[in-house]
Amino acid sequence: MRNLQLAARWVGATLAERHGVEVVSRVADFETEYNLVRDSVALTDFSFLRRYRLPTDQGIDLLDGLLPGNVARIRYGRIMQTFMADDDGRLQADCYVANNDEEMILLCEAAAPDDVMARIIREADREGIAQDLTDSHVLLSIDGFRAWAVVRDLFGVDVLGLPYLSVELYPFEKEQIYLFRAGKTSEFGYLLMAPLSVADRLFETVRDAVTRQGGGTCGVEVHDALRLEGRFFNIHAEGLVVGDPLVLGLQWMMDFEKSDYRGAAAIMRRRAAGLSRKVIGVLASPGENRLGIGTHLFHGADEVGEVVADAWSPGLDRWVALAVFRIDMAYAGLAFALGSPQGREVRTISMPPIMAKSFSVKLDEM
Amino acid sequence: MGNANFQALIDRRMGIIGTLKQELIKRFNLPFTPEDLHEDVSLLGSGLGLDSLDALEIVLCVESCFKVKVPDNSIAVLRSINSLVDFVICEQDGEAAAR
């Protein structure tokens, strides 16, 4: 297993393994961590993502041949969300690709072990241009309604002008660290990538700044729930269960004019055949138990869907889920029976069902 | 189950979705077919990546296609195609009830 480089900083937290990589699963109870993100700010360790640096001039071609997104169209200073598929067009990693002038940064959240991901990159990288930063750098995630105040305190007020999905370098001690404005919690989110030489000091500095804003630390379990609530794609939940990016609605991450990336032939074949299933949101009634991954959904006597991800939503005070439905039934606003034709009623909904507080923050109020 | 008329609900929603997708693809020159656009995809920020100027165009699109008025500061309505559909249905039902 690949251990977290900052494991000593997470003493007392619950650690877990995801595809051979250590993650901080939980630090406090779920609702406490949820409220940190929704009401203030939470720091966690995202070093489970693999990370690479490539020179832009050669890196664009390499990444373009690997990923379905159009890497050549990423403007300087901006980030594109896309994914990596296997030869069958099934999801292997959720990816951020950042264009930072002379270099491209690839962040991969994989549903595959490190050695598989390393082999994929190695096979694509015939000229050996990709520098693997996974062991030499850490990745910290700062998310929450007050996350902007933390990065402002660290890097100055200019940071507030960074748009969502952008990248910038900032000095920290004697190093340059990367700040990615990203995140999948619906609240403000920032990823900091720093070399190991300053990782401990950065962690301390960020944690102190987070504490000053009334925040704390959290694990990835609460991030999973926040992603589902916000309908952000989660490779470790619905991504792993469904596998097909088209069924999951990830077409927006793809450029259909491209035909030469990994898994392209299989994806284009399925697209031409048309979708027979689609993932949509489902909401339990208040007070009802969780929906349960793998539970079937019925319309009359017909089985028409299956739950593929679920999470407790403190914001809604009930369970929320994603389910893959037969395409002719995949609409919001309908009632289905859970588990059997006589099962309890659940309703399909428009996602996301919550409105994050961060949407109400205006730049001149920061 | 609590669906007064299951197929009628689907048909109504499908009609609004179809109109909205065609209009969004045309107005923003999106490189997708209607089938490629998931109804929950985020319109602003990530997802389709439209900006605040585009948000105004979406409002105009909804108002002209469905003869409804989108209130100012209605960012929640503009989150996705599905949230736009919910708004249109709600407005149409409200007008029908008022008549």
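Two residues are in contact if their C-beta atoms, placed from the backbone, lie within 7 Å. Keep that cut-off at hand as you work through these exercises on a predicted model.

## Exercise 1: A residue and its surroundings

Find the element that holds A:R50, list what A:R50 touches, and decide whether A:R50 is buried or exposed.

**Solution**

Step 1. Start with the element: A:R50 lies in strand β4 (residues 50–55) of chain A.

Step 2. Now look for contacts, leaving out residues up to four places away in sequence. A:R50 touches A:C108, A:A110, A:D114, A:M117 and A:T134.

Step 3. Next, count neighbours. The cut-off for a buried residue is 20 or more other C-beta atoms within 10 Å. A:R50 counts as buried because it has 24 C-beta neighbours inside 10 Å.

## Exercise 2: Chain A as a whole

Describe the make-up and dimensions of chain A, and work out why its radius of gyration agrees with that of a compact globule.

**Solution**

Step 1. Count the elements: chain A has 8 helices and 19 strands.

Step 2. Take the dimensions. The C-alpha trace of chain A spans about 65 × 45 × 40 Å along its principal axes.

Step 3. Compare with the globule rule. For 366 residues, a compact globule would have a radius of gyration near 21 Å, and chain A has 21 Å, so the two agree.

Step 4. Look inside: 51% of the 366 residues in chain A are buried.

Step 5. Take the contacts in chain A between residues at least 6 apart in sequence. Of these, 68% join residues at least 24 apart.

## Exercise 3: Strands side by side

Give the strand order of the open sheet of 6 strands in chain A, then examine one pair from that sheet and one hairpin.

**Solution**

Step 1. Recall the general idea: strands of a sheet pair through backbone hydrogen bonds, either parallel or antiparallel.

Step 2. Read across the sheet. The order in chain A is β10-β11-β12-β9-β3-β13, and the pairing is mixed.

Step 3. Find the edges. β10 (166–172) and β13 (216–217) of chain A each have a single partner strand, so one side of each has no neighbour in the sheet.

Step 4. Pick a pair. Strand β3 (residues 42–45) of chain A and β9(A) run antiparallel and are joined by 4 bridges. Here A:A42 stands opposite A:D143 in β9(A).

Step 5. Turn to the hairpin. Strands β1 (residues 14–18) and β2 (residues 21–26) of chain A pair in the antiparallel sense over 5 bridges, with A:A16 opposite A:V23 in β2(A). There are 2 residues between the strands of this hairpin, where A:H19 takes a positive phi near 50°.

## Exercise 4: A helix and what it packs against

Which residues of helix α4 (residues 147–155) of chain A are buried, and which elements do they pack against?

**Solution**

Step 1. List the buried residues of α4(A): A:A147, A:W148, A:A149, A:V150, A:V151 and A:L154.

Step 2. Follow them to their partners. These buried residues pack against β9 (137–143), β11 (175–181), β12 (189–195) and α5 (196–212) of chain A.

Step 3. See what comes after the helix: α4(A) is followed by A:G156, with a positive phi near 100°.

How values were computed: Residues numbered from 1 in each chain as written. Chains lettered and ligands numbered in written order. Predicted model: local features only at pLDDT ≥ 70, side-chain atom pairs only at ≥ 80, totals over all residues. Rg over C-alpha atoms; globule rule 2.2 N^0.38 Å. Buried ≥ 20, exposed ≤ 12 C-beta atoms within 10 Å, placed from the backbone. Pairing = 2+ DSSP bridges.
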